[in-house]
Each structure stands twice: as structure tokens, then as C-alpha cells.
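Hi,

Here is the structure I promised to pass on. Please open it next to this email, and I'll walk you through a few spots.

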Amino acid sequence: MGSSFSCCGDEKVEEGPNNEMGGENSWRIFTYKELYAATNGFSENNKLGEGGFGSVYWGKTSDGLQIAVKKLKSMNSKAEMEFAVEVEVLGRVRHKNLLGLRGYCVGNEQRLIVYDYMPNLSLLSHLHGHLSKEVQLDWKKRMKVAIGSAEGLSYLHHEVTPHIIHRDIKASNVLLDSNFEPLVADFGFAKLIPEGVSHMTTRVKGTLGYLAPEYAMWGKVSESCDVYSFGILLLELITGRKPIEKLPNGIKRTITEWVEPMIAKEKFKDLVDPKLKGNFDEFQLRQSIRVAALCVQSEPDKRPMMKEVVSILKGEEVNFVKVNQNLRIQSIKYGDDLMAMDQASDQDDDQSSDQGNESSVYGVFGAMEMQKMQDPYKRFGEK
């Protein structure tokens with residue numbers, strides 16, 4: 001009987017070509033035995049997060065590299081497709097603000113994807129999770145996260161061929177490295193758009209609260225859907241509020257409904273996350289809110305392209321006519337049937353302290369923690 005560790009091959013196969021980042025994103029095929037050892041046998045103490053399709057574990061390879069290993073839960077056709085899409089997309093992309101592929105493992109019963117471990121975890125952890133009270137994300141870091149995430153999306157939309165729509169931009173899918181540089185992650189829902197195709201109609205995937213109305217209601221997907229999601233993410237960065245909140249009376253309110261009246265009256269300072277205690281750049285605040293308002297316009301053709309978003313956030317001149325006009329946004333309410341499917345705000349009331357539940361709600365990179373993890377290659381008694 002063959003070893004259960006041989007499913008992903010016995011040899012380390014170097015694959016990834018050198019790239020603009022000096023070859024740092026080269027990838028290889030891992031053996032299951034390597035990943036099993038690196039994660040202490042996929043120990044619960046090493047688990048970073050959990051989603052509907054699997055779990056992510058922290059690990060450390062024999063040569064000292066810290067990694068995050070996504071292990072798919074089941075091998076049905078849906079999981080197989082998402083695995084194939086993510087590996088294909090990650091193999092194509094080379095950008096400092098996109099979480100690249102470190103490697104993968106494939107076998108009859110196992111599918112695992114290996115990434116670099118991000119020591120500052122996810123944006124979700126800092127805005128709404130266990131790190132939120134520490135307020136490590138000051139205004140300057142938030143703008144860094146906004147610009148970097150926008151640059152990563154701009155690369156997907158405008159530079160890589162064929163163009164790529166992410167389809168699941170949200171706080172748990174923006175990871176932060178040791179310098180709080182953002183890396184957009186989780187490409188399992190990504191869609192490759194052939195040249196000359198402006199939009200496609202497809203099955204709706206993603207996270208309620210971030211979904212563009214035309215996508216949530218009719219399944220029409222284009223780069224503009226990512227723009228809308230980014231607008232929600234930007235509002236989240238500015239305000240510290242969640243995309244959908246459950247009010248004391250049980251009614252659910254989207255972040256656009258909350259900001260709409262204040263944007264109309266240009267009460268921009270009232271929108272800023274109170275945890276920042278008034279420490280923000282007023283010019284950047286106005287530009288960021290204007291960008292967010294443009295991104296969440298209900299009509300897709302009224303939204304800017306991501307390369308325009310990057311330029312506006314950087315304070316560069318942009319030939320986008322509405323940037324300097326007084327802005328209003330018209331909040332789009334999701335239908336009752338969609339709102340009934342919202343789990344995140346439902347769990348805020350009675351499970352807010354349960355990190356396991358938070359990670360399952362917000363995705364596989366949700367409430368990541370690293371407090372119990374043990375170095376699998378550190379000898380007992382070694383200081």
C-alpha cells in the first residue's frame with residue numbers, strides 16, 4: 001500500500017519563472033509530507049481561518065519559510081473548479097499588491113494551495129476582528145492599504161491578459177505584510193475576461209454587502225463590479241463600519257445607506273472612524289470619499305475605472321469629469337431575499353467573540369490569529 005503522503009508527488013519541482021519582483025514569486029510543487037510537517041499535521045493550533053470550502057493553516061518549511069496553506073475540505077466539482085481557477089490566476093499574476101502563488105499540492109484526494117504568510121493578517125482582523133481595539137491602522141496606513149489594493153485591482157483589470165475580475169473584494173481578502181503593504185488574496189471566484197468582451201452573465205458569487213447591484217440581482221459581471229466592491233471597501237476603511245450592520249430593531253442597514261445623507265451634506269468629518277480620534281488628512285479624506293462615492297454609483301457606466309481610482313487616490317490629475325463636482329450617491333437596497341441570506345450581521349449579536357464563527361462567515365482569511373502556533377522545526381528546549 002502506498003504512503004498517504006505521496007499524493008502530491010515525491011520530488012520538489014521548481015516551476016515559476018523569474019519576474020519583475022526579482023524571482024520572489026517563483027512557485028513549486030510541494031509534497032503532502034512537506035506540508036503536513038510544516039503545519040504540525042494540520043494542527044488546530046495552526047489554523048488561521050476557515051471558509052465553506054476549506055481551512056488555512058500557518059506553517060514553516062524546513063528551510064525556514066513561513067507559509068499559509070489552504071486545504072480544501074472536499075473534492076466536489078465546485079471545489080475542483082475553484083482550485084483550478086485560483087492556481088491558474090495566481091500563476092499568471094505578478095504584482096506587489098497581489099498575493100502570489102508559492103506552490104501547490106495535487107493528488108487523488110488532496111488539493112492544497114501554498115501562499116506566503118502575512119504577519120499582520122487581514123484587513124478584517126484590524127477593522128472588525130481581534131486586533132481592532134489596538135488601532136494599529138492609523139490614517140496613513142489606511143490610505144496605504146487603499147492605494148495598494150487599488151493598484152492590485154488596476155493591474156488585474158488593465159495590465160494582465162486576459163483581464164481578470166476578482167469578484168470577491170472584501171476586507172478578509174486584503175492581507176497585510178509586515179509593513180502593512182496590502183496584498184489582495186483569494187482568487188477562487190476570479191473570472192478571466194476575453195479580449196473585446198465588456199461583460200458576462202454568470203452565477204453570482206461573492207459576499208453580500210460588497211456586491212454591485214447589477215451583479216447581485218442579474219448576474220452581470222464586469223470590471224465595474226470590482227470597482228463597486230472596492231468603493232465599499234474604501235468606505236469601510238474610512239468609517240470603520242461593516243458593509244452591512246444589524247440595528248437594535250433588527251433592521252439591516254448597508255454602509256451606503258448610512259453614508260448617503262452625510263455625503264449629500266458634505267459632512268465628511270462625521271464619517272471618519274472614531275477610533276482615529278480626529279487624526280486624519282482632511283484633503284485625503286475628501287478625495288477618498290469622492291472616490292468611494294463614484295465607485296458605488298448604481299449605474300456601472302458612471303463608475304470610474306480602477307486606474308482612474310488609483311490616480312485620484314494618489315492626488316494626480318485625472319480626466320474624470322465628476323471628481324470635482326458635488327456628489328450624491330443613491331443607495332441601492334438589496335432585496336429581502338438577499339438580505340435574509342446575510343449571515344455576518346446576524347452573528348454580530350450573539351457570536352461576536354467567537355473567532356471560529358467569524359472566520360467561517362467572512363471567508364477563509366477571516367479572523368486570523370497566531371497565538372498558539374509552534375515551530376515544527378524548533379527542537380524542544382531550544383530558546
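This is a predicted model: local features need pLDDT of at least 70, side-chain atom pairs count only at pLDDT 80 or more; totals for chains, interfaces and linings use all residues.

Residues are numbered from 1 along each chain as its sequence is written, and side-chain values use heavy atoms, with hydrogens and water left out.

The UniProt annotation "binding site" (unreviewed entry) covers Lys 71; such annotations may be inferred rather than shown by experiment. Lys 71 is part of strand S5, residues 66-72 (strands are DSSP E runs of at least two residues, helices H or I runs of at least four, numbered from the N terminus). Its side chain makes a polar contact of 3.3 Å with that of Tyr 32 (N or O atoms within 3.5 Å, one able to donate a hydrogen and the other to accept it; residues adjacent in sequence count only if both atoms are side-chain atoms).

Tyr 32 is buried at 7% relative accessible area, while Tyr 36 is partly exposed at 37% (buried is under 20%, exposed over 50%, partly exposed in between, with a 1.4 Å probe and protein chains only). Both tyrosines lie in helix H1, residues 32-38, 4 residues apart.

In helix H7 (residues 255-264), the buried residues include Trp 258 and Met 262. The buried residues of H7 fall within an arc of 155 degrees seen down its axis, so they line one face (the arc uses directions from the helix axis to the C-beta atoms).

Best wishes
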